[in-house]
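User: I would like to go through this model with you, beginning with the contacts. Could you set out the terms as we proceed?

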Amino acid sequence: MSPTVTALVAVVLYYVGAALFKRAGAGMPPLHGSRPGLLLRTVLRDPIWLTGLFVFTIGMELQIVAFAELPLGIAQPLFASTLLVLVWTGTAFFGEWLTVREWCGLGLFALSTLLVWASVRPEQAGIGSLPPLSPLLATTAAAVLVSVALFVLNGLCPAGRHARPSTGVAYGLASGIALGAGEVAIKGLAIVNAEQGTGPHLLATPYPYLIGLTVPVGLAQAMIAMQRCRMVVCISVCTIAAKTYLLLAGTLLYGGDWPEDPLWGVLRIGAAALAVGAVLLFPRYEPELPDDSDAGPGRSSSPITSRAVSISGRVPPR
């Protein structure tokens, strides 16, 4: 299998895993980040969630294979190009939808991806080299702290009967930064594997342990997000944040294919700016629904019904 096909299959498997996580979460009690023990026991007892984890893990292993042969400037657009698979999954299987602003955000990220692709100089393409330990640990620690801080701050938002439901942008950012840090560590593991081969010596490197720290944090946050919000929004934002972090932090740490010509480098910087703009285009709250007092004859005033309308865009059957 070519590295290009391997990269595409890896991300498609990620999204299949996310769909299984979403399906599993619908049958679980509400999950909370403040109770990690209960969260862990709940998900590990669910066969659908475990199947999703198995699929996700295969995708992660394929990503290691792809990273061993692809520079970041080529890998990032390949990973991002499958985002429409996520959108199709959310609309076809979960009845979710995207607003005009959200479609525009995805379009802006598509343009960002094209700029990254255009900035790749074939003569400079390389998988990079391993960085010193200190900057690797510093960037990972910063990513985890920012991720957890965003998640906690989002949890402090007012809740209650009249609180506006979140679209999941903040959750997506939090999980995306953590998963992006995990992908940066996966890149390092792929370089070690390419240079030294597979074996117990991999456990002597920091990369497996950084993956073991960042990926569970990102997955837990994404699981909570999909239970509360539309998957097409929170996982789209998660993907944008993860791939942008991978491109910037990965290039900073591993080098490899950053364009030497400043004019081409501007394309990379512009791509990152467009990715930030894409996230800003996503609205933070779902569209407001009519108050219960406005409900006329034949209209349900149940908060469960109102919530279902805001998530799926369909009125649940009576």
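Analyst: Contact here means heavy atoms within 4.5 Å. This is a predicted model: local features need pLDDT of at least 70, side-chain atom pairs count only at pLDDT 80 or more, and totals for chains, interfaces and linings use all residues. Residues are numbered from 1 along each chain as its sequence is written, and side-chain values use heavy atoms, with hydrogens and water left out.

User: Which residues is threonine 239 in contact with, leaving aside neighbours within four places in sequence?

Analyst: Threonine 239 is in contact with Tyr15 and Leu83. A polar contact of 3.1 Å joins the side chains of threonine 239 and tyrosine 15. A polar contact is a pair of N or O atoms within 3.5 Å; within protein, one must be able to donate a hydrogen and the other to accept it, and residues adjacent in sequence count only if both atoms are side-chain atoms.

User: Is threonine 239 buried or exposed?

Analyst: Threonine 239 is buried, at a relative accessible area of 5%. Buried means under 20% relative accessible area, exposed over 50%, and partly exposed in between (1.4 Å probe, protein chains only). Threonine 239 lies in helix α10. Helices (H or I, at least four residues) and strands (E, at least two) are DSSP runs, numbered from the N terminus.

User: Which residues have the most contacts inside the largest nonpolar core?

Analyst: They are Phe67 and Ile235, in a core of 77 residues. The largest share of this core, 14 residues, comes from α10. A nonpolar core is a set of buried Ala, Val, Leu, Ile, Met, Phe, Trp, Tyr and Cys residues joined through side-chain atoms within 4.5 Å.

User: Turning to α6, which of its residues are buried?

Analyst: The buried residues of α6 are Glu102, Gly105, Leu106, Phe109, Ser112, Thr113, Val116 and Ser119. They cover an arc of only 135° around the axis, which puts them on the same side of α6. The arc is that of the directions from the helix axis to the C-beta atoms. On the other side of α6, Val100 and Leu114 are exposed.

User: What do the buried residues of α6 pack against?

Analyst: They pack against α4 (72-80), α5 (83-94), α10 (231-254) and α11 (262-281).

User: How many salt bridges does a search of the whole structure find?

Analyst: The search finds 4 salt bridges. A salt bridge is a side-chain nitrogen of Lys or Arg within 4 Å of a carboxyl oxygen of Asp or Glu. One of them pairs lysine 22 with glutamate 96, the closest N and O atoms being 3.4 Å apart. This pair links distant parts of the chain, with lysine 22 in helix α1 and glutamate 96 in the loop between α5 and α6, 74 residues apart.

User: What about arginine 230 and glutamate 286?

Analyst: Arginine 230 forms a salt bridge with glutamate 286, with 3.0 Å between the closest N and O atoms. Salt bridges that share partners join Glu102, Arg230 and Glu286 into one network. Both arginine 230 and glutamate 286 are buried.

User: Finally, where is proline 29?

Analyst: Proline 29 is in the loop between α1 (3-26) and α2 (36-44). At 49% relative accessibility, proline 29 counts as partly exposed. Not counting residues up to four places away in sequence, proline 29 touches Thr42 and Gln227.
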